[in-house]
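Here is a short briefing on side-chain packing. Take a look at the structure first, then read on.

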Amino acid sequence: MSESPFEGDFRAAFATRFPELIRYLHRLSGDAALASDIAQETFVRLYQRGEMPADARAWLVTVAHNLFRDECRRATRRRSLLARRDPAYTLADAPPAPDAALESDERQRAVRAALDQLSERDRQLLLLRHEGYSYRELATVLSLVESSVGTLLARARIAFRRALEEKP
Amino acid sequence: MMHPSTMDLQALADGEPLGARESDVLAHVRSCAECQHSIAEMRAAHERDEELLSLIDRRLPTASVNAVIARAAARRGTRGIRGAIAAGIGILIVSAAAVAAVPGSPVRAYVEHLFAHTRDSAATIPHPVTQAPIAPRETPNVGVSFPAGSRVEIVFSRAGVQGRVRVTVVDTPMVRVTNHGGTAAYRLTLHGVTIDSVGSNATFEVMLPSTVGRAIVRIDGRTVFTKNGTRIRTTGALDSTGAYVIPLGATRLPVDRDLSQNRI
Ligand SMILES: [Zn+2]
């Protein structure tokens with residue numbers, strides 16, 4: 001059975017884009033299992049599409065956002081479950097020294113809390129910029145006017161830094 | 001020339017084109033220490049943010065491209081996730097990745113094998129998978145995940161003396177079985193998964209979607225958990241996290257529970 005050109009492209013896209021997408025979705029949601037489900041489902045949809053979109057990265061993240069939004073709609077009851085579900089996916093590393101563990105735990109929680117304080121759009125803007133998206137790509141993916149991206153991004157960055165400083 | 005706007009400097013710091021203004025702005029910045037400093041600050045702030053964001057990164061579950069392709073292929077001619085599983089196709093493996101991603105690791109060999117196998121079976125045969133995967137020596141947090149059908153069967157083929165199974169009803173579309181500690185081999189079947197726990201002391205986490213109409217968990221031929229709609233019958237005890245905890249050596253008679261009254 002020979003591989004179609006699409007299948008080759010798909011495999012190449014999966015190899016580079018899947019790790020990026022799942023990392024981004026995990027930063028966005030704070031939920032490893034959810035990030036995994038959505039990243040996989042996104043690639044299933046890409047395969048079902050049968051041809052590569054002109055801009056695969058933008059296409060993937062747009063579909064992932066839609067799936068994420070669908071999940072969030074059903075989220076009220078999930079929220080308590082998620083908090084509990086996530087630790088199951090922590091690998092059994094050797095635990096760090098108690099002091100270091102405490103400090104890093106605290107910082108992680110502060111970053112998570114700061115992200116959670118941002119609006120969904122600010123969080124997406126900030127995190128996608130950190131994935132290397134250009135202003136133009138951000139405009140496409142988040143349906144923004146390109147000329148407004150710089151200003152909105154600056155606000156998102158400020159909101160994030162402020163939320164970190166104001167951590168409880 | 002006056003200093004360019006903060007937005008223009010930020011765009012330069014971000015490596016963005018400035019269109020018609022670009023050559024003027026660049027000419028200014030080249031000769032203005034203050035603007036150069038601002039840009040350096042902006043880049044440093046971005047780096048600091050990235051460092052902070054990377055604190056929450058973790059080693060994430062990985063997936064095989066073959067499993068994803070199999071799942072997509074399986075959905076052709078069926079209706080969504082449910083349709084796929086109703087057609088007798090259970091797919092999709094995840095493993096908590098890092099160890100599995102190490103080339104040459106026994107876990108990787110195991111996971112890849114299972115992926116490759118599910119791909120074949122998903123594409124062609126609506127029958128239980130019978131070929132056993134290579135059992136890994138160590139499986140820290142490895143497991144399977146597949147879309148839930150209306151019916152799910154989770155079978156532990158060999159009871160361990162000290163191990164236990166924790167079953168949690170969740171509101172997600174995927175069934176997940178993972179183990180931490182111990183050793184286990186997973187084999188996907190028509191309606192679920194068979195786990196050979198090889199007498200180990202592993203703890204198994206089972207995430208069972210609430211949408212599953214009928215679910216059954218068996219250990220060594222004994223039924224230890226059933227879900228029929230919202231009704232749960234189990235030998236396990238409900239712990240404070242909302243999981244039903246069942247020892248792998250459990251023998252007590254099932255206790256009735258109704259999820260609609262005892263909802264997590
Ligand atoms: Zn200047």
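Which residue lies over the face of Y133(A)? R57(A) does, at 4.0 Å from the ring centre; a charge sits over a ring if NZ of Lys or CZ of Arg is within 6 Å of the ring centre and within 35 degrees of the ring normal. This is a predicted model, where local features need pLDDT of at least 70, side-chain atom pairs count only at pLDDT 80 or more, and totals for chains, interfaces and linings use all residues. Residues are numbered from 1 along each chain as its sequence is written, chains are lettered from A in the order in which they are written, and side-chain values use heavy atoms, without hydrogens and water.

**Aromatic pairs**
- Over all chains there are ten aromatic pairs (ring centres of Phe, Tyr or Trp, the latter by its six-membered ring, within 6.5 Å; planes under 30 degrees apart are stacked, over 60 edge-to-face, the rest tilted).
- F10(A) and Y47(A) are edge-to-face, because their centres lie 5.0 Å apart and their planes meet at 80 degrees.
- F18(A) and F43(A) make a tilted pair, with 5.8 Å between centres and 55 degrees between planes.
- One aromatic cluster takes in F6(A), F10(A), F14(A), F18(A), F43(A) and Y47(A).

**Burial**
- F10(A) has a relative accessible area of 0%, so this residue is buried (under 20%; exposed is over 50%, partly exposed in between, with a 1.4 Å probe and protein chains only).
- Y47(A) is buried too, at 8%.

**Cysteines**
- C72(A) is partly exposed at 35% relative accessibility, whereas C35(B) is buried at 3%.
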